[in-house]
Amino acid sequence: MPRIALFISQRLVKAVFVVLAIAVFNFFLVHAAPGDPAAVMAGEAGAADAQFVEQLRQQFGLDRPLYEQLGTYMSKVVQADLGYSYRQQRPVFDLLMDRLPVTLSLTLTAFVLALLGGVALGTLAAMRAGTWSDTAITVVGLTAYATPIFWIGLMLILLFSVNLGWLPAFGTETIGAGYTGWDAFLDKAKHLVLPVTTLGLFYMAVYTRLTRASILEVRDMDFVKTARAKGLPEWRIVSVHILRNAILPVITVAGFQAGHLIGGSILIETVFALPGIGRLAFEAVLQRDYQVLLGIFLLTSVVVVIFNLLTDLIYSLVDPRIEVAP
Amino acid sequence: MTETTLLDVRNLTIDLPRGADRPHAVEDLTFTLERGEILCVVGESGSGKSMTAHAVMGLLPKAVKVSSGGIRHQGTDVLSLPERDQRALRGGRIAMIFQEPMTALNPLMRVGDQIDEVLRYHTALDRAARRARVVELLASVGLPEPDHLRRSYPFRLSGGQRQRVMIAMALAVEPDVLIADEPTTALDVTTQKQILELIRDIQAKRHMGVMFITHDFGVVAEIAHRVAVMQKGRLVEIGAAEEVLNRPKHPYTRQLIAAVPHLIEHREDFTRDRQPVLTAQKVCKTFHIGGGFFTPGRKVVAGDDLSLTIHQGETVGLVGESGSGKSTLGRSIVGLIKPDSGKILFEGVDLLSLSRPAFRPYRRHVQMVFQDPYASLNPRHTVGDIITQGPVAFGEDRHRALDKAKELLTLVGLDASAAERFPHEFSGGQRQRISIARALALEPKLLIADEPVSALDVSVQAQVLDLLEDLRHRLNLSMLFITHDLRIAAQICDTIAVMQKGRIVEIGPAKEVFGNPQHGYTRTLLDAIPGKGWTVPEDVVPVTRRSAALRNSA
């Protein structure tokens, strides 16, 4: 499809400029906050005099004028060099790549499961609106939505790890067990069960409610009556005629939430002691680790831009009335 | 019951849920549908005609139940069939088409696939055979390039084309009963004519039984073999079309027939020696749809060199099909749309040249009544608030405005106490009366009525038209009356302007335009009016005519 290819290539070109603009904006945003890494490091070292702070600033190039710092930063960014974290003594890019798999395996799994589960439960609830199964689904969904996410995490740990001892409570793998191959995968999967459930429950509640409301609206539309008048079986009416028409608002919200996949799991990573991007960001803020922060911001914005593009594409696939116009 | 009876409805009673305005949707209904006939079921909204059709199809809403009686299809009791067999019947032996072709098709599915679905679940045909059949069906309902059209989505098709697709879909497995629920109500007259011809054609060719639900006696006169008239869930009259149309027995049938607007209506010629109130000169408007920075969008010309004059006390009718630009002109005059060029002179002042604040005083002189009385009144405001908001905004004292609002409510035939109530407590016709009172509250010199009766039942329609006719005489109002229904235009307008594709193709006194149309398009429109061949029987004097006569003698 040349039209789609044209659309994607044009959007990608636009995306590059958007990301660069974001990079510049982020740079100023970070520098607008009071304090700099030199001051924090000096403070942590204790008994540091003004001369030492000045020396640190010189070492990191923080004494240069802002536009010069920006120039340096941007010229590195376009070469995919995100800088060097002096706090961690490692290149920022490597740091991110280290942490990314943990976060993505957590958030993506939770996201996909929540989406599938939410749409399924929402459909079920809507098609049985007013019955006890609808009420049950709605109540469970509301509870999951309203309860603080870290509290759910803690309670799950208490039940499944502390009392029942079925699942590990924290970390990404059993340290020192030396598993290989399939065992290693299983071990990692086990560690993910509780955090994924905690995060997924929340998202699932959102999708369930959304799907239910949307289906209730579509259910009474004329074309559904037409489908019934054609003598189609109920499952076909629900899946082909109702669900497909009801799914658009869910896609909108899902695309929006997918943009938060990188940064949205700080709480979960903290509760379950997972070394992901969320915690890296949190620490970087406390330590004024500019390079790491900027790196994370950039990564997040790239993810948002990509998911926006994906959402638009999926939209045009689901609804022929929405044309991909570059 | 004979061999040829397709549907046999016996003593059918359908219960409405508790709390509805009456206990039964349909009460003790008995009729048959024979092979090879078109039975028109006529009645106003809420008469139970659609409910009956839905009961036959097994499509009743969950809250509504058949409490007694039976429906037999060729001897088989439909109601007691298990769900599986009912599904086979539905879409297989009995097919249905609906009123709104715009919403009755799944917007996300290619039309060919939607027809294919029927074949898939009712026949054992394989893929290739089904595809061939879809193309054949689309061709049989007169759609161009069926093989290409098969792959289109509904939004690419016009209303008439969609209704053709619906008919093709209904015919897919050669049903013997076709139920058509107001299939032409949402269509333009010319399209309506084509669809009616198509249905009649197919019915004759395939020897089907058609149950045709409508509220329009013109349509009945056009296609019915037999007519059943329903009122409040009961069958009040049934018989051969010729009999019911020309010698109606039941008072309700007579009342319905009397309310039908008639084309050649005797009315006095309008004397044009009065002042022009509004003159539109060479108004042009083009809408640009879609497009972006680099890509040009589609252009739609809604107004091309439009000129017309409305005199003091004159009613000018703007008629044409949907998309002809009637509403664009109306909205331009009220200032809701800014035309690209041209002049709109109100008592000599060009409204288009005025700035927003300078235009404001003129707003009160030109008021509008909208089409949908359900959407045009704010549901959270009382009727009193709705009517007084305009005058209060123009500096009228609140109490005085409310007193006047009550006067206006009585003027439009409602009780003064209506001011304290909310719009949802009123019926469609009453709401339109409220809309008229709201427009009159500002004491306008010109009233723009945009399809003010097209959402109403015929009898209510007649009442609202009578009201407008009465008001214009009493208040010496000028009016621009926008409508797609030529029969209504003929009844209420002094001057008629016929619009087509953004142009006024013919303009002149109503009598001349209808009696001796000059433009081909006007003739096409007149020709498409359903039931031309039928004249309302003499003894059923139309209510509107009677009131006009009364006024003239007074």
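Hi everyone, let me start with a pair of residues: in strand β8(B), Gly209(B) is the bridge partner of Val177(B). Before I go on, please keep in mind that this is a predicted model.

Strand β7, residues 177-181 of chain B, and strand β8, residues 209-214 of chain B, run parallel and are joined by 5 bridges. Now let's step back to the sheet around them. What is the order of its strands? Reading across, we have β6-β7-β8-β3-β9-β10 of chain B, 6 strands in an open sheet with mixed pairing. The edges are taken by β6 (94-97) and β10 (234-240) of chain B; each has a single partner strand, so one side of each is left without a neighbour in the sheet.

α6(B) packs on it and touches β6 and β7 of chain B. The direction of α6(B) makes about 170 degrees with that of β6(B).

Let's move on to the cores. The largest nonpolar core has 154 residues, and the members that touch the most others are Ile179(B), Met211(B), Val220(B), Leu480(B) and Phe481(B). Which element gives this core its largest share? That is helix α6 of chain B, residues 159-171, with 7 residues. As a general reminder, nonpolar side chains tend to be buried together in soluble globular proteins.

Do click on Phe481(B) if you have the model open. Leaving out residues up to four places away in sequence, Phe481(B) touches a run of residues, Thr315(B), Val316(B), Gly317(B) and Leu318(B), as well as Ala449(B), Ala489(B), Ile492(B) and Cys493(B). Another core, of 57 residues, lies apart from the largest one, and its members include Ala110(A), Val196(A), Ala281(A) and Leu298(A).

That brings me to chain A. Chain A has 14 helices and 2 strands, and its C-alpha trace spans about 85 × 55 × 40 Å along the principal axes. Of its 326 residues, 32% are buried. Among contacts in chain A with a separation of 6 or more, 72% are between residues 24 or more positions apart.

Here is one helix pair I like. The axes of α5 (residues 92-127) and α13 (residues 277-286) of chain A come within 8 Å and cross at roughly 135 degrees, which means that α5(A) is oblique to α13(A). On the α5(A) side, the contact is made by Leu95(A), Leu96(A), Arg99(A), Leu100(A) and Thr103(A), and these meet Ile277(A), Gly278(A) and Leu280(A) of α13(A). By class, that contact has 5 nonpolar, 2 polar and 1 charged residues.

α5(A) also turns up in the surroundings of α10(A). Helix α10, residues 234-246 of chain A, has Val238(A), His241(A), Ile242(A), Leu243(A), Asn245(A) and Ala246(A) as its buried residues. These pack against α5, α8 (181-219) and α9 (222-229) of chain A.

Last stop, where the chains meet. How many residues does each chain put into the contact? Chain B provides 24 residues and chain A 19 residues. On the chain B side, the elements giving two or more residues are α2 (83-89) and α3 (111-122), and α3(B) gives the most, with 4 residues. The chain B side is made up of 13 nonpolar, 7 polar and 4 charged residues.

How values were computed. Residues are numbered from 1 along each chain as its sequence is written. Chains are lettered from A and ligands numbered from 1 in the order in which they are written. This is a predicted model: local features need pLDDT of at least 70, side-chain atom pairs count only at pLDDT 80 or more; totals for chains, interfaces and linings use all residues. A residue is buried if 20 or more other C-beta atoms lie within 10 Å of its own, exposed if 12 or fewer, and partly exposed in between; C-beta atoms are placed from the backbone. Two residues are in contact if their C-beta atoms, placed from the backbone, lie within 7 Å. A nonpolar core is a set of buried Ala, Val, Leu, Ile, Met, Phe, Trp, Tyr and Cys residues joined through C-beta atoms within 7 Å. Ala, Val, Leu, Ile, Met, Phe, Trp, Tyr, Cys and Pro count as nonpolar, Asp, Glu, Lys and Arg as charged, and the others, Gly among them, as polar. Axes are lines fitted to C-alpha atoms, for helices over the stretch in contact, and angles run from 0 to 180 degrees between N-to-C directions. Angles under 35 degrees count as roughly parallel, over 145 as roughly antiparallel, 65 to 115 as roughly perpendicular and the rest as oblique. Two strands pair if DSSP finds at least two bridges between them.
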